[in-house]
Structure formats: structure tokens, C-alpha cells
Amino acid sequence: RLFVTLREPCQNGRPLQVGFYEIIKTLGKGNFAVVKLARHKVTKTEVAIKIIDKTRLDESDLKKINREVQIMKLLKHPHIIKLYQVMETKDMLYIVTEYAKNGEMFGKPKNNLLTYKSVFYLILSYLSLSKIILLQLVM
């Protein structure tokens, strides 16, 4: 059974939580989703949780989100964010992923040997070797 509580902290000061994750802060917001930094209550692992309001999505957007999740389940590479868990209620979708402490790949690369172009080709090569690009084109 999914335990999801997203409301203002109780008077006793308990933090917001999604499943076994305590929400720490907001990392970003979009039109129909928000990304939160959270910490697992037992392991203390920091994660990013993409919280999507399904009521604000049309059928096409729902299909795209589901495809994103299916592709993320297939990806297993040290340079690609890991998908840990997906939780769903009638109106909401919670996608729990590895938290990138140093930000997105659109920031400055930490290692000057890797340029944006080489990172792009690395990802493209991995995806084509994994036949994920073909899967994306077929869907």
C-alpha cells in the first residue's frame, strides 16, 4: 500500500513525506510537475522525486511520461541517473531517482576532458548499443 502525505508540516513539526522519503526542499518546478530533494528515512540516501499532477496532463502527455519511465527502467550506466522507484495514486505520479549533487549535465563539466559534445556522443552510443533509440522510434 502506498503511503503519500504531501501537506504542510503538522503542528508537531513533522516533515512532508512521500512513502519512506522525507521531503527536504524544492529543486525545480515545471508546468505540471515539481522536483523535490528528499531523504530515505532508513538509509538516509538523498534522492530526487519528480511529482507529477496527472490531472493536468492529457492522454498524449501521460503516454510520454509512461514511456520516459519505461526507458529509465532499461538504463543502467554509471553516467545516467538511476531510477529507484515509481509510486502512483489516482491523481499523482512520483518518480524517485538518484540525486545528482553537482547539478544537471547542462552545468559546467567537472572534468575538462569531457566536453558537452563528447558527453552527448557517449550517451548516444550507449542508447544505440542498448537498442533504446530504436525502441523510442518505434513507440
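The structure is a predicted model, in which local features need pLDDT of at least 70 and side-chain atom pairs count only at pLDDT 80 or more, whereas totals for chains, interfaces and linings use all residues. Residues are numbered from 1 along each chain as its sequence is written, and side-chain values use heavy atoms, with hydrogens and water left out. The average pLDDT of the chain is 76, and 62% of the residues score at least 70.

The secondary structure consists of three helices and seven strands, where helices (H or I, at least four residues) and strands (E, at least two) are DSSP runs numbered from the N terminus. Read from the N terminus, the order of the elements is β-β-β-β-β-α-β-β-α-α. Of the contacts between residues at least 6 apart in sequence, 40% join residues at least 24 apart. The accessible surface of the chain amounts to about 10100 Å², with 56% belonging to carbon and sulfur atoms; accessible areas come from the Shrake-Rupley method with a 1.4 Å probe, and for residues only the protein chains shown count as cover. Buried residues account for 26% of the 139 residues. Here, buried means under 20% relative accessible area, exposed over 50%, and partly exposed in between (1.4 Å probe, protein chains only).

A nonpolar core is a set of buried Ala, Val, Leu, Ile, Met, Phe, Trp, Tyr and Cys residues joined through side-chain atoms within 4.5 Å. The largest such core has 11 residues, namely Val18, Tyr21, Ile23, Val34, Ala38, Val47, Ile49, Ile51, Met87, Tyr94 and Val96. Two or more residues of this core are given by each of β3 (21-29), β4 (33-40), β5 (46-53) and β7 (92-98). Strand β5 supplies the largest share, three residues. Apart from this core lies another, of seven residues, including Ala33, Ile52, Ile65 and Val69. Within the largest core, Ala38 touches Tyr21, Glu22, Ile23, Ile24, Thr45, Glu46, Val47 and Ile49, when residues up to four places away in sequence are not counted.

Gln17 belongs to strand β2 (residues 17-18) and is buried, its relative accessible area being 7%. The side chain of Gln17 makes a polar contact of 3.5 Å with the side chain of Lys41. A polar contact is a pair of N or O atoms within 3.5 Å; within protein, one must be able to donate a hydrogen and the other to accept it, and residues adjacent in sequence count only if both atoms are side-chain atoms. Lys44, in the loop between β4 and β5, is exposed, with a relative accessible area of 54%. Although Lys44 is not a glycine, its phi is positive, at about 65 degrees.

For "binding site", an unreviewed UniProt entry lists Lys50; UniProt positions are given in the numbering used here, feature names are shortened, and annotations may be inferred rather than shown by experiment. Lys50 lies in strand β5 and is partly exposed, with a relative accessible area of 25%. Not counting residues up to four places away in sequence, Lys50 touches Ala33, Val34, Val35, Glu68, Leu93, Tyr94 and Ile95. The side chains of Lys50 and Glu68 are joined by a polar contact of 3.4 Å.

Terms used
Contact = heavy atoms within 4.5 Å. pLDDT = per-residue confidence, 0-100.
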